[in-house]
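This report describes selected elements of one protein model and the surroundings of its ligand. The sequence and structure are shown below.

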Amino acid sequence: MSQDRDVIVIGAGAAGLMCAYNAGYRGRDVLVLDNAKKAGRKVLISGGGRCNFTNNNIDTKAFICNNSHFVKSALSRFTAWDFIDLIERHGVAFHERDHGQLFCDDSAKDIVDMLHTECEWAGVKIQLRTDILSIDKDAEGLFHLTTNQGDYRCKSLVVATGGLSMPKLGATPYGYKVAQQFGLDIVETKAGLVPFTLHKEDKEKYAELSGISLPVRITTADGTSFQEALLFTHRGLSGPSVLQVSSYWNPGEAISIDLLPDASILTILQSLTESHPNQALKTALSQVLPKRLVAIFYQDELLPDCSLKQLMHKDLAAIEIQIHQWQVKPNGTEGYRTAEVTLGGVDTDALSSKTMEAKSVSGLYFIGEVVDVSGWLGGYNFQWAWSSGWSAGQFV
Ligand SMILES: Cc1cc2nc3c(=O)[nH]c(=O)nc-3n(C[C@H](O)[C@H](O)[C@H](O)COP(=O)(O)OP(=O)(O)OC[C@H]3O[C@@H](n4cnc5c(N)ncnc54)[C@H](O)[C@@H]3O)c2cc1C
């Protein structure tokens with residue numbers, strides 16, 4: 001015997017819980033199903049345990065999607081200020097970091113607790129450890145779900161199963177399978193906001209810089225650039241600037257790294273040449289860049305081994321390129337194992353940007369990361385989860 005519900009949400013993550021309680025407040029009888037042991041696991045580990053839950057500068061340009069207009073409706077109907085208002089009502093303390101990023105003062109658990117409280121107030125039931133075995137739609141438009149915990153029927157089915165990143169936290173491709181079952185297209189998925197790996201020779205060479213972090217500007221082949229920190233790791237390159245550009249990088253392409261984004265190496269050298277003409281170029285460069293990185297450039301004979309006063313025009317041109325446009329060709333990325341998001345997903349052309357409902361399947365909704373929408377690092381991905389979840393919650 002099936003249990004009847006108005007709404008079933010698959011996925012008790014950021015988007016699913018947001019949608020569920022909003023639908024609950026509209027008087028809908030809502031059940032959330034999740035195969036995990038705990039709700040909101042990604043929220044709990046996000047932002048180093050402090051959840052970067054949104055950003056003060058939410059802008060549609062910070063979202064990657066095949067249809068750049070798709071995100072506008074949801075983001076303008078449930079904004080960062082609406083989420084801030086919500087957490088303030090729950091007394092969650094937060095602070096702003098660089099680039100408008102907002103984090104909890106204490107713990108990401110505050111956000112999960114808040115979502116649980118709202119679900120409870122709205123009468124939403126959350127059922128964990130539930131494997132969905134099949135989904136069918138009958139002639140009357142009802143969805144039938146068979147699960148390891150019983151069978152269910154609902155009028156509205158919301159898929160909020162997230163992306164593929166961090167499979168050890170329970171990420172599955174299930175949402176894409178549901179989309180395909182109902183004839184929706186999937187934009188090819190790949191890991192985003194992810195560290196780069198290096199070819200063997202580069203990996204060995206730069207491994208000794210592991211732990212060094214410096215401010216840089218990185219530009220991809222399509223001209224996208226981010227100015228944030230670069231971190232050398234024993235596996236390759238990481239840090240916010242790398243994670244950001246990884247979402248715009250294609251295999252085989254080189255990235256261009258400006259190692260002194262706020263200064264001109266030529267101006268620095270000109271002034272040092274006047275004050276210390278006999279100083280070795282290597283010594284001069286080591287004053288403005290990590291000494292070990294400069295040593296590697298010398299090891300590779302990329303810079304002239306001379307004093308400042310001996311520098312010729314051609315040397316200066318080569319130095320400028322090496323410091324301001326250092327070319328690095330990543331071998332690949334660390335993939336879904338460490339990625340923060342999944343690029344691609346359910347094709348937005350198949351969804352209403354206002355309600356998140358599938359245009360061709362009434363009653364079927366997709367929200368959050370399972371949709372072909374990915375944000376920059378900095379709270380944008382959670383804002384998409386809140387906004388798309390809230391939007392669907394008004395219509396299911
Ligand atoms: C390490 C890390 C740190 C991050 N930090 C930030 C940050 O600080 N700020 C930010 O904006 N974004 C951050 N993100 C991205 C952010 O976590 C996601 O974009 C966001 O959680 C997506 O929300 P969602 O509800 O769509 O999916 P999720 O939060 O992933 O929720 C999906 C839910 O669906 C469930 N599920 C999956 N498959 C099934 C299935 N077959 N059956 C039933 N249930 C299923 C999962 O168990 C999960 O509970 C981070 C991601 C990672 C991996």
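## Strands E13 and E14

In this predicted model, strand E13 (residues 213-219) and strand E14 (residues 225-232) run antiparallel and are joined by seven bridges. Two of the facing pairs can be named: Ile-218 stands opposite Phe-226 of E14, and Val-216 stands opposite Glu-228 of E14.

E13 and E14 form a hairpin with five residues between the strands. Within this hairpin, Gly-223 adopts a positive phi near 90 degrees.

## From E14 to E15

E14 also pairs with strand E15 (residues 236-238), in the antiparallel sense and over two bridges. Here Phe-232 has Leu-237 of E15 as its bridge partner. Three residues lie between E14 and E15, which together form a hairpin.

## The seven-stranded sheet

These strands belong to an open sheet of seven strands with antiparallel pairing, in the order E17-E16-E13-E14-E15-E12-E18. Strand E17 (326-328) and strand E18 (330-333) are at the edges; each has a single partner strand, so one side of each is left without a neighbour in the sheet. On average, and with direction ignored, neighbouring strands of this sheet are turned by 40 degrees against each other.

Helix H7 (residues 200-207) lies across E14, E17 and strand E12 (196-198). The helix runs at about 100 degrees to E12.

## The three-stranded sheet

Another open sheet consists of three strands in the order E3-E6-E5, paired in the antiparallel sense. Its edge strands are strand E3 (52-55) and strand E5 (94-96), each of which pairs on one side only. Neighbouring strands of this sheet are turned by 30 degrees against each other on average, again with direction ignored.

Three bridges connect E5 with strand E6 (residues 101-104) in an antiparallel arrangement. In one of these strand contacts, Phe-94 has Cys-104 in E6 as its bridge partner. Helix H4 (residues 80-89) packs on the sheet and touches E3, E5 and E6. The direction of H4 makes about 135 degrees with that of E3.

## The ligand and its shell

Which residues of the shell are closest to the ligand? The ligand is surrounded by 30 residues, of which the closest are Ala-15, Asp-34, Thr-172, Glu-369 and Phe-382. By class, the shell has 13 nonpolar, 13 polar and four charged residues. Three helices each supply at least two residues of this shell: helix H1 (14-25), helix H2 (41-49) and helix H13 (380-393).

Terms used: Residues numbered from 1 in each chain as written. Predicted model: local features only at pLDDT ≥ 70, side-chain atom pairs only at ≥ 80, totals over all residues. Heavy atoms only, no water. Pairing = 2+ DSSP bridges. Helix = DSSP H or I, 4+ residues; strand = E, 2+ residues; numbered from the N terminus. Axes fitted to C-alpha atoms, helices over the stretch in contact; angles between N-to-C directions. Contact = heavy atoms within 4.5 Å. Near = heavy atom within 4 Å. Nonpolar A, V, L, I, M, F, W, Y, C, P; charged D, E, K, R; others polar.
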